[in-house]
Amino acid sequence: MPTIDSAYVTRVLQDLVRINSVNPDLDPSAAGEGEIAAYVGGAMAAAGADVRYHEPKPGRVSVVARLRGSRPGRSLMFNAHADTVDVGGMDEPFSGDIKDGRLYGRGAFDMKGGLAAMMGAMQSLAGAGCPHGGDLLLAAVADEEYASLGTEDLVTRYRPDAAIVTEPTALDICLAHKGFAWFEVTTKGRAAHGSRFDLGVDANMRMGRVLADLDALEQDLRARPAHRLVGPPSLHAATLAGGSGLSTYAASCRLQIERRTIPGESRAAVTDEIRQLLRRQVERDPSFSADFEVLLVREPFEVAEDAAIVRALAEASTAVLGRRPAFVGQTPWMDAALLAAAGAETVVMGATGAGAHAREEWVDLASVHQLAQCLAEAAIRYA
Ligand SMILES: [Zn+2]
């Protein structure tokens with residue numbers, strides 16, 4: 001088994017947390033991923049990897065380090081996002097302080113702990129003479145917390161056979177996550193003086209009909225058979241705005257809907273559900289009129305329990321942890337879906353901690369060291 005240099009992993013993680021890599025689309029005063037990408041690239045080059053930088057948009061930098069195996073084999077990508085959400089309300093977001101085995105700071109848990117473990121695995125494999133087969137890639141990507149520019153760009157440049165995304169899972173193995181679709185419905189009315197019911201058409205009241213039917217659809221969604229790992233699908237009426245003043249009939253009303261999808265649900269099917277709901281309004285009242293727009297769709301993700309990468313990671317983790325990790329699902333969307341859609345057999349495993357997107361964030365250092373060991377061992381077993 002390759003030996004992980006725990007002190008190296010801790011030092012790297014502390015450095016990563018001390019670099020501000022807040023996503024500039026979430027906080028315009030942030031500079032992007034350039035500095036953290038340079039740090040990761042420098043460290044991986046020093047460990048003996050070939051390093052390349054990719055910049056899909058100015059200042060939004062991803063870095064990929066490649067370590068060639070000492071024998072032919074399948075290629076594997078370790079993938080982590082290097083950006084974080086903003087630091088609003090945090091006392092010391094970039095401290096990297098360690099207390100009672102926990103390392104604190106924005107991104108420590110989501111997901112610089114995962115990134116540091118990947119770097120520790122690469123460094124240890126390089127030091128052991130690259131006992132893995134094929135190409136091992138480490139990708140530290142930009143912009144996962146906003147629009148996934150980084151991974152969307154990388155899947156056009158690299159075609160790994162498999163990928164391990166190190167989003168936090170408390171050292172369990174995540175085989176599935178939910179997707180989502182964002183829709184916008186705008187009902188049409190006719191503005192008129194509030195006294196002129198004979199002229200006005202109330203777009204807000206019409207949206208009320210849509211909302212009542214959406215409420216019924218929402219209850220139906222959660223009564224459908226749940227996915228064994230991620231549960232049932234759901235939707236919510238996220239934002240609502242209509243009308244211009246108390247004495248005016250509302251000319252339009254805009255509703256934004258978020259629909260959370262589960263593996264097996266297609267983009268076409270979930271979009272059609274909403275279209276049909278709107279069609280039924282017109283059948284009931286031919287004067288009903290609404291615009292419908294699909295704003296963004298992110299697919300759900302699922303990998304088979306017996307996929308080669310899952311088997312390799314499960315066997316490696318059992319050997320390292322002395323217990324077989326649980327197979328779990330998670331509800332938030334991840335870059336895993338993009339890698340899987342691009343043809344890489346993908347699985348998710350990450351560290352233990354708390355406070356993603358919250359005011360206090362920390363990662364359990366021992367879990368980061370163990371994760372590094374699991375990753376190195378999985379790379380050898382997979383390829
Ligand atoms: Zn994350």
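A residue is termed buried when its relative accessible area is under 20%, exposed when that area is over 50%, and partly exposed in between, as computed with a 1.4 Å probe on protein chains only. By this criterion Arg60 is buried, at 4% relative accessibility. The structure is a predicted model, in which local features need a pLDDT of at least 70 and side-chain atom pairs count only at pLDDT 80 or more, while totals for chains, interfaces and linings use all residues. Residues are numbered from 1 along each chain as its sequence is written, and side-chain values use heavy atoms, with hydrogens and water left out.

Salt bridges, defined as a side-chain nitrogen of Lys or Arg within 4 Å of a carboxyl oxygen of Asp or Glu, number 23 by this rule. Arg60 takes part in one of them with Asp25, where the closest N and O atoms are 3.1 Å apart. Because Arg60 lies in strand S2 (residues 60-68), whereas Asp25 belongs to the loop between helix H1 (6-18) and helix H2 (34-47), the pair ties together parts that are 35 residues apart in sequence. Helices (H or I, at least four residues) and strands (E, at least two) are here DSSP runs, numbered from the N terminus. In contrast to the buried Arg60, Asp25 is partly exposed, with a relative accessibility of 36%.

His54 itself is placed in strand S1 (residues 50-57) and is buried, its relative accessible area being 9%. Its side chain makes a polar contact with the side chain of Tyr158 at 2.7 Å; a polar contact is a pair of N or O atoms within 3.5 Å, of which, within protein, one must be able to donate a hydrogen and the other to accept it, residues adjacent in sequence counting only if both atoms are side-chain atoms.

Two further salt bridges were examined. The side chains of Asp198 and Arg196 meet with an N to O distance of 2.7 Å; Asp198 is partly exposed at 45% relative accessible area, and Arg196 is partly exposed at 35%. Asp220 and Arg224 likewise form a salt bridge, at 2.9 Å from N to O, with Asp220 partly exposed at 35% and Arg224 partly exposed at 26%. Through salt bridges that share partners, Asp220 and Arg224 are joined with Arg259, Glu265 and Glu273 into one network.
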